[in-house]
Amino acid sequence: MNRSRWEVFTRRQPALFALVLLVLAVAINLIVQPHMFARETLNSNMRVFLPLILLAVGQAIVILAGGIDISVGGIASIVNTVLATRVGLEGSPAEMWRYVFISLIIGLLAGAINGFFIAFLRLQPIITTYATSFLYAGLALFILPNPGGGIPGNIAAFYRNSTPLHLPLAFYVIAVVLLIWSYLRSTRYGNFLYAVGGRAQAAYETAVPVTWVQFGTYLISGLMAAFAGLAITMLSGSGNADIGAPMTLNSITAVVIGGNALSGGVGGVAGPVMGAITLGVIQNIISFANIDTWWETLVRAVIIVVALAAPGIVNLFRRRQP
Amino acid sequence: MGESLSARNIVKHYGGVVALSDGNLEVRAREVVALIGANGSGKSTMSKVINGVVVLDGGQLLLDGNPIHFPSPQAAKNAGIATVFQELSLIPQMTVAENIWLTREPLNSFGQVDRKAVKRRTEELLGLFEGTYKTALHPDASIASLPPDEKQIIEILKAISFNPWLVILDEATASLDSRQVQRLFDLVAKWKEQGKAIVFVSHRMEEIFRIADKYVVLRNGRTVGAGNIQDINEKQLIKLMIEKESVLGFLRGGAKSEEKIEKEVALEVENLTNDGLRGVSFKVHKGELVGIGGLRGQGQRHLLHSLFGDILYSGIVKLFNQEVRFKHPRDAMRRGFALVPGDRAKEGLLYIRSILDNLLLPSWRRFGFPLKVSNARTEATQVGSHLNLKMAGLDEPVSSLSGGNAQKVVIGKWLMRDPQVLLLDDPTKGVDVGTKAEFYALLTRLSSQDGKTILLYSSDDEELIGLCDRVLVMHDGMIHTELSGNTLTKENLIGASLGASQGDRE
């Protein structure tokens, strides 16, 4: 009785731990940075967090269906370098729109390459996307060997300073993403994601189009990586082929502390969004608390380890009971 | 709605193994066909061919007389064929309702799953088995939290939820209790009236005679008999399933079993119970070779692993009249137990390591610190020659050996510890005939000369009959029958495996 109640609870509320962690992180942040909720501070924080949030959403969907995508950073880098070299600092808004559109196509294409290898050729997701991550990072370096280029300053400024109804632009983006997810979750495809991630063989025997579901998740992840590349370009205003690489592992971390099982089939998208914000807030705390940057790595590592171990530790104690 | 489906001369290979060489089956609307056969006769493959899970290598499927090809389960489903899988096709992380309606969720005009409709229809379906549930089963319960019988019911409801004309019930009654079986059979009768066809794959003779109209018997991948169930009885059916007496290359010592009784009891098991066992009790004397029989997956693996301390259990195990309670295989090894596991690739060997490393694995302590490499080598060489192990050298990887020789390494690694009790889980599976004969000689020598106590599970019935003094036949996690001496015949063994000929089961 007790056991099943616990299991049902953790299955229904996988994001609970992420929420607790987020509240805790925000509380600590409030101590070191009392004006955290002031409009400007909030906006500047959120626009820094947004690229990782978008990556985490795509990653969450891939992981839900039992895969993993470690090429997302590379895709974001390509988008960044394309925008920075093709639009340029003097580009017109029309140019910008055209390349935003092209960027999204690039993201979908990169996702399709991953998806083709993994879903149709049945290669290992981690190996495949590890290999393609070099492909994409290499392509980004080819497009822009040295940091430089950029997008028009007024477009970047619009992204940075827009606060409709006194709320950061990022809030609206998150809201739209979560709305789309909650729609997707309620469709058949949403059910298929959980089925394929839960037990692919059983899903296949039930006539779920497993191959297409998996392929679809990499398309989504590629698209979200392109959006992340777009957001990061608007934030920095310039191009750098290495900009996406460190974000890949962070996106996986965000998904894990967001309560999704790395083995697939458990979790959602709200948890990983909270996970990504938590990671951002932790970074914020560390920079405000005047701690050496290498502590940040250590603190983050401790949090990841605790997040991964917490359910296992709980189970360990439960098993001890007769 | 379909009227008939027939499978003609079906051939299916898995790699080099032939699962079906000439499978034939015919089923029409308004009839129940029982698909019967011993272990490995191709029953499961046959049902997987009909429902499109495997693609056939030869032969033909005819739907209402027209050739049809099922490249995927989806295709078979579209043709109105539903399957209740033996290894359930449920997704543990999802709820009852989500599982039942997966791929056929009712949608609203926005393309969203209509949760209310799903819930209502799930409740209707759950009503079919109303009153037989042990838990308060509701549409939002997660599958992982259900007991095995309720999972099985959900699997059945899932199969019939899209109103198929043909339902394949593959061992659907194995985990149901008698009330639930009765309810299922009532439903089957109703489906027949509605014009559905049912293929009933079962090991339980009594159930076959209760609901089947026709029978199809498979043996070694071939259909060897078919007809009306009224025209046949249990005995004839069992005879059909058995091959003509083949000559075995070894003989059992005739009077051996009588004198064994005098010896002391080595292993005594009382009321062993856990997930896979329901109160198993027996005694084995010192130097006795006792077989465990029965169909695959009736608790044999659980029994051997429980005795080896690998699976926890309740009940009493006594070794030479002294109670032991193993919590870890380490404890069992200390008391002289050895287990030759069923899956040698996964549980028995480290394939990429050398033969020497594998042989030393359970006894590394003896050669441990400081390393006594030359001692280890000498002993390993002795065991190797004792077993007639054909190898290029002790330092070659195990992956270079044939199946039979690899299995010799598994046995050899335990012989190096000089065990008192040997537990063997189907050791001759996938082993060539010559090596099998060597094993038989080895096992006989170990028990009768060296006085080892041996518990042998085998899926090969002839092996049990030829080799063992006594055979405990397991069914449904219990010891159904004990056969020895004159009662140890193939007919009795197969009959008991199917749970037949004795009315002691509900």
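Start with chain A and its contacts: among those between residues at least 6 apart in sequence, 82% join residues at least 24 apart. Two residues are in contact if their C-beta atoms, placed from the backbone, lie within 7 Å. This is a predicted model, in which local features need pLDDT of at least 70, side-chain atom pairs count only at pLDDT 80 or more, and totals for chains, interfaces and linings use all residues. Residues are numbered from 1 along each chain as its sequence is written, with chains lettered from A and ligands numbered from 1 in the order in which they are written.

Next, show chain A as a cartoon. Chain A has 14 helices and 0 strands; these are DSSP runs numbered from the N terminus, H or I of at least four residues for helices and E of at least two for strands. The radius of gyration of chain A, taken over C-alpha atoms, is 20 Å, close to the 20 Å that the globule rule gives for 322 residues, so chain A is as compact as a globular protein of that length. The rule is 2.2 Å times the number of residues to the power 0.38. The C-alpha trace of chain A spans about 70 × 50 × 35 Å along its principal axes.

Colour chain A by burial. Of its 322 residues, 47% are buried, that is, with 20 or more other C-beta atoms within 10 Å of their own C-beta.

Definitions and conventions: Buried ≥ 20, exposed ≤ 12 C-beta atoms within 10 Å, placed from the backbone.
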